[in-house]
Protein chains: 2
Amino acid sequence: MIDNPMRPCFDSQGLIPAIVQDAESGLVLMMAWMNAESLALTVQTGETHFWSRSRQELWHKGATSGNIQTVVDIHLDCDQDALLVRVHSAGPACHTGAVSCFHHSFGEENL
Amino acid sequence: MIDNPMRPCFDSQGLIPAIVQDAESGLVLMMAWMNAESLALTVQTGETHFWSRSRQELWHKGATSGNIQTVVDIHLDCDQDALLVRVHSAGPACHTGAVSCFHHSFGEENL
């Protein structure tokens, strides 16, 4: 339900998907989930924070790896249920060491 | 559950988020949801198809507006639960006429 043109709509689990894009290269680095607390921390600290659904805990991206993502800007989409976060990234986004998490090419053979 | 390194993991509703990026400009255009059928149609026709959660129906992007999105390539992320679809877009992605659906700037005042 859209109650305010500028407020995020969290889903039934209190989450909203956040797309993280490298502000310089334009590369889409990852998609993760934010709850209200991690979104507030992201805005207030200027570094991305997410909610880990598998670990059920707040997650400060780069806290362990050092690959902090510094926020350049955030945009909400037209139906207010997705966020685009443009960042400067201190290193690879993916836990595999790849720059982007989107590194599996997908085609008809994967259906 | 990851049963195959190249297969998408659909959520409990049978959906996976799909990020659509303009292949030329690098602009992130929209995020929408795909089920297995819309993903297969996207791959097989080379034009984006989604599942509309609000209308509960298959949705061929541009069928009404003419703003077809032609697929350049598709990538699955490392944990296989999000897709990045790079496209050539025949027109604006947003129903408002904006090029991208991500046109609401978001900051501390929106928390």
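I take a salt bridge to be a side-chain nitrogen of Lys or Arg within 4 Å of a carboxyl oxygen of Asp or Glu.

**Ground rules**

I am working on a predicted model, where local features need pLDDT of at least 70 and side-chain atom pairs count only at pLDDT 80 or more, while totals for chains, interfaces and linings use all residues. Residues are numbered from 1 along each chain as its sequence is written, chains are lettered from A and ligands numbered from 1 in the order in which they are written, and side-chain values use heavy atoms, with hydrogens and water left out.

**Entry: salt bridges**

I looked up the total, and the rule gives six salt bridges over all chains. I use helices (H or I, at least four residues) and strands (E, at least two) as DSSP runs, numbered from the N terminus.

I then turned to chain A, where Arg86(A) and Asp73(A) meet in a salt bridge of 2.8 Å, N to O. Arg86(A) lies in strand 6 of chain A and Asp73(A) in strand 5 of chain A, so this pair ties together parts that are 13 residues apart in sequence.

How accessible are these residues? I call a residue buried under 20% relative accessible area, exposed over 50%, and partly exposed in between (1.4 Å probe, protein chains only). Arg86(A) is partly exposed at 28%, Asp73(A) is partly exposed at 21%, and Arg86(B) is partly exposed at 28%.

I also noted Glu57(A) and Arg55(A), whose side chains form a salt bridge of 3.1 Å, N to O. Glu57(A) counts as partly exposed at 37%, and Arg55(A) counts as partly exposed at 46%.

Strands 5 and 6 of chain A run antiparallel and are joined by seven bridges. Strand 5 of chain A also runs antiparallel to strand 7 (residues 104-105) of chain B, with two bridges between them.

**Entry: the interface of chains A and B**

I counted contacts here as heavy atoms within 4.5 Å. On that basis, 38 residues of chain A touch 38 residues of chain B. The two chains bury about 3,500 Å² between them, 67% of it on carbon and sulfur atoms; buried area is the accessible area (1.4 Å probe) that two parts lose on being put together, summed over both. Phe102(A), His104(A) and Phe106(A) supply 21% of the area that chain A buries against chain B, more than any other three residues.

The rule finds two salt bridges across this interface. I looked at Arg53(B) and Asp81(A), whose side chains meet in a salt bridge at 3.2 Å, N to O.

**Entry: helix 1 of chain A**

Which residues of helix 1 of chain A are buried? I found Ser38(A), Leu39(A), Ala40(A), Thr42(A) and Val43(A). Their cover includes strand 2, strand 3 (49-52), strand 4 (57-60), strand 5 and strand 6 of chain A. Gly46(A) follows the helix, with a positive phi near 75°.

**Entry: Gln69(A)**

Last, I checked Gln69(A), which is found in strand 5 of chain A. Is Gln69(A) buried or exposed? It counts as buried, at 0% relative accessibility. Leaving aside neighbours within four places in sequence, its contacts include Val20(A), Leu29(A), Gly46(A), Phe50(A) and Val87(A).

Notes. Two strands pair if DSSP finds at least two bridges between them.
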